[in-house]
Protein chains: 2
Amino acid sequence: MGLPSLPFTTTLTSTSCVLTRKVVGRRGACAMAPVAATTAVIRTARKGMCEVIRALWLAASNYTQRLNHPRAYILCGTLTPMGLFGGIEAGGTKFVCGVGTGPEDLQTVRIPTTTPEATVEAAAAFFRERAADGLAAVGIASFGPVDLDPDSPTFGHITSTPKLAWQNFDLAGSVGKALGVPVGFDTDVNGAALGEARWGAARGLADSLYLTVGTGIGGGAIVHGRVLHGLMHPEMGHIRIPHDLAADPYPGCCPYHGDCLEGLASGPAIEARWGGPAQDLGPAHPAWDLEARYLALALTAWVCTLSPRRIVVGGGVMDQPQLFPKIRLELARLLNGYIRKRELTEGLDSYVVPPQLGGRAGVLGALVLAEQALGA
Amino acid sequence: MGLPSLPFTTTLTSTSCVLTRKVVGRRGACAMAPVAATTAVIRTARKGMCEVIRALWLAASNYTQRLNHPRAYILCGTLTPMGLFGGIEAGGTKFVCGVGTGPEDLQTVRIPTTTPEATVEAAAAFFRERAADGLAAVGIASFGPVDLDPDSPTFGHITSTPKLAWQNFDLAGSVGKALGVPVGFDTDVNGAALGEARWGAARGLADSLYLTVGTGIGGGAIVHGRVLHGLMHPEMGHIRIPHDLAADPYPGCCPYHGDCLEGLASGPAIEARWGGPAQDLGPAHPAWDLEARYLALALTAWVCTLSPRRIVVGGGVMDQPQLFPKIRLELARLLNGYIRKRELTEGLDSYVVPPQLGGRAGVLGALVLAEQALGA
């Protein structure tokens, strides 16, 4: 239980304090890479040793958290001082790029998703123009599947997408190379979860769940203030839930699992079951009671497993305002008072809530990924 | 996105560096409490400023993590320097108390659970005797239900247990008062999860799941190296899983939920369904296929939600060695290759595994809680 060794070397001078770590490159090359932001922060904090320690501690703490589960893609030896952050919500039809420090000053542009090279170059041109004084880092919340394993040779790549030109494309690496800054990288749903947790409906909560119900169903969990990854990343849409075939003979549409949650409750499942697009079914249609039942069964599993402090549910299917009260009612019925927390009884109206950042959650979450990539 | 303010004050001298924070007592009294270990660590690390910074950073980082989700119960103004840690696995029939630094040197004693006062006093006497040179902190992994909310006036209490004498008993506070040291506090299953993650079957993994299947079903998740809590703590046994009433007409035995996982797959459920104790059913009994099916359905939900790097399954029901291969086979069938990770395909034998610490997981986890309480 002694002191573990720190994963970097500390060099303290009268004007700066630099943390360096050994970086092992793809082909085994080693270099000592200064840790982002530390030098810059300490140079500006000339208020005595306590301030140096404070700044150093902060950078080291963030950096080490990042080392434990590194999402960042360290590309260059010398990192730029603290400057603007950039975010990219990388989707299959458009890239939303933004610069800023949060919702108040976010400036965005939409770029159609064409070839990987042209799309990345258009995004890079936007950042070069808007952040001429110095872009500090970029975050990418990407469509997938993506490789998030920092030990993998294809970390930061889009992997087996049906969009052929993007298969096995090194998105994080290409953006980092084009801009020469550190790149934070995660899935689109994790990006949106981060955005809502930082500035949106789960603001100020260290543990939250963000769920999107649309063409597919995906979830991003924030645990201890950080995105949960583990072995890979969650695939929450694919949990099994009770399916009463007598009441709902629809077999489910998931090509892998049939009647998993996504197979039963995604937009395509609703359409296939009822013979028409979800948005054309009236608010009194029985589809919504069944949908609320399935989603509440899934929320029950997540409440019992993740114990989130709030659940944010977005996505196209949730554009039906009648769904929220139905889901809350069914969730309360399923939990049946077992978990004695106010949030899960009289507080349910502010426990299962819609998103607050609308279409900007992903790009705002990407800004947080940029910040994390820099260790700032 | 600037520097957040640190939650403590730093005082640096030529021989020591002390972090202090304002501690608000139950009745509003304030005091500046030195943060554990920092002074001691720095006094022993006289290797220059970099070592001071390293020690300070470590203490501050751990301490701040603990502040964000404080499990510790800070009782005294001056904390003892780094010394021995104590652990208590507090059960309804016995308290297992131990001192040591890990499995190698753990010394334990078993104390029957009688009245709260006599039991705590017997535990305290053990620690006073075995750690005469200075107990640094104690951790408690407790039977429940317990209050883990650090903002609650009943934090550290056992709440609505059927053991009347223990209802609303301030276990963490009583132990802390008897010994005058900081107390870490968590549930018994979270304690066992921590123990297995530190020294047992999930050693070295930052994200793991520990499950116990016995009289009840409980789970503890380690995420980013720390116990997941969130709003409360998980109640994993109460997730809903598909239940084919035609194949298994048993309605489940959970008084709250009927056929939730615990209602279908706990020891009492097996006994009620098949008309005899689980341990009396032969290894070829159909009970085990059904049990494996239910547990694999639950594991599927947790793999898709928590993405653990390994799942450790213990508890009395798992004393049937034929269960593990059945569960792995069924889990693979349910996931159906959707999550393309070696651990979930050819690596399943080392993904779903039995515990390695046996009956000592809880008390060893309690040692880790002690360490966390001290911020060491």
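Which strands of chain A does helix 5 (residues 188-199) lie across? I began with that, keeping in mind that this is a predicted model.

**Entry 1: the sheet in chain A**

I found helix 5 of chain A lying across strand 12, strand 13, strand 14 and strand 15 (311-314). Helix 5 runs at about 50° to strand 13 of chain A.

I then traced the sheet itself. The sheet is open and has five strands, in the order 14-13-12-15-16 of chain A, with mixed pairing. Strand 14 (226-227) and strand 16 (352-353) of chain A are the edge strands, and each of them pairs on one side only.

I looked next at one pair inside this sheet. Strand 12 (residues 208-213) and strand 13 (residues 217-223) of chain A run antiparallel and are joined by six bridges. Opposite Val213(A) I noted Ile217(A), in strand 13 of chain A.

**Entry 2: strand 13 in chain B**

I moved to chain B and followed strand 13 (residues 217-223). How many of its seven residues are buried? I counted seven of seven, so the strand is mostly covered, taking buried as under 20% relative accessible area.

I also checked the two sides. In a regular strand the side chains alternate between the two faces of the sheet. On one side of strand 13 of chain B I have Ile217(B), Gly219(B), Ala221(B) and Val223(B), and on the other Gly218(B), Gly220(B) and Ile222(B). Both faces are covered, as these residues are all buried.

The partners of strand 13 came next. Strand 12 (residues 208-213) of chain B pairs with strand 13 of chain B in the antiparallel sense, over six bridges. Within this pair, Tyr210(B) has Gly220(B) as its bridge partner.

His224(B) is not a glycine, yet its phi is positive, near 55°. I place His224(B) in the loop between strand 13 and strand 14 of chain B. Is His224(B) buried or exposed? I count His224(B) as buried, because its relative accessibility is 10%.

**Entry 3: a helix pair in chain B**

I looked up how helix 7 (residues 267-274) and helix 8 (residues 287-306) of chain B pack. Their axes come within 12 Å and cross at roughly 140°. I therefore log helix 7 of chain B as oblique to helix 8 of chain B, since the cut-off for roughly antiparallel is over 145 degrees. The crossing of these two helices is right-handed.

I listed the residues that meet there. Helix 7 of chain B brings Ile270(B), Arg273(B) and Trp274(B). Helix 8 of chain B brings Ala287(B), Trp288(B), Leu290(B), Glu291(B) and Tyr294(B).

**Entry 4: the nonpolar core**

Which residues touch the most other members of the largest nonpolar core? I found Trp302(A) and Trp302(B), in a core of 96 residues.

I then listed the contacts of Trp302(A), leaving out residues up to four places away in sequence. Within chain A, Trp302(A) touches Leu209(A), Leu211(A), Met236(A), Ile239(A), Leu261(A), Ser307(A) and Pro308(A). From chain B, Trp302(A) touches Thr305(B).

Ser307(A) got a second look. Ser307(A) sits in the loop between helix 8 (287-306) and strand 15 of chain A. Its phi is positive, about 50°, although Ser307(A) is not a glycine. I count Ser307(A) as buried because its relative accessibility is 4%.

**Entry 5: a buried glutamate**

I located Glu330(A) in helix 9 (residues 323-335) of chain A. Glu330(A) counts as buried because its relative accessibility is 14%. Apart from neighbours within four places in sequence, I find Glu330(A) in contact with Ala292(A), Arg293(A) and Ala296(A).

**Entry 6: cis peptide bonds**

I checked the peptide bond between Gly144(A) and Pro145(A), which is cis, with omega about 5°. Pro145(A) is in the loop between strand 8 (135-142) and strand 9 (157-158) of chain A.

In chain B, the bond from Gly144(B) to Pro145(B) is cis, with omega near 5°. Pro145(B) lies in the loop between strand 8 (135-142) and strand 9 (157-158) of chain B.

Notes:
Residues numbered from 1 in each chain as written. Chains lettered and ligands numbered in written order. Predicted model: local features only at pLDDT ≥ 70, side-chain atom pairs only at ≥ 80, totals over all residues. Heavy atoms only, no water. Core = buried A, V, L, I, M, F, W, Y, C linked by side-chain atoms within 4.5 Å. Buried < 20%, exposed > 50% of the residue type's maximum accessible area, 1.4 Å probe, protein only. Contact = heavy atoms within 4.5 Å. Helix = DSSP H or I, 4+ residues; strand = E, 2+ residues; numbered from the N terminus. Pairing = 2+ DSSP bridges. Axes fitted to C-alpha atoms, helices over the stretch in contact; angles between N-to-C directions. Parallel < 35°, antiparallel > 145°, perpendicular 65-115°, else oblique. Left-handed = near helix turned anticlockwise from the far one by under 90°.
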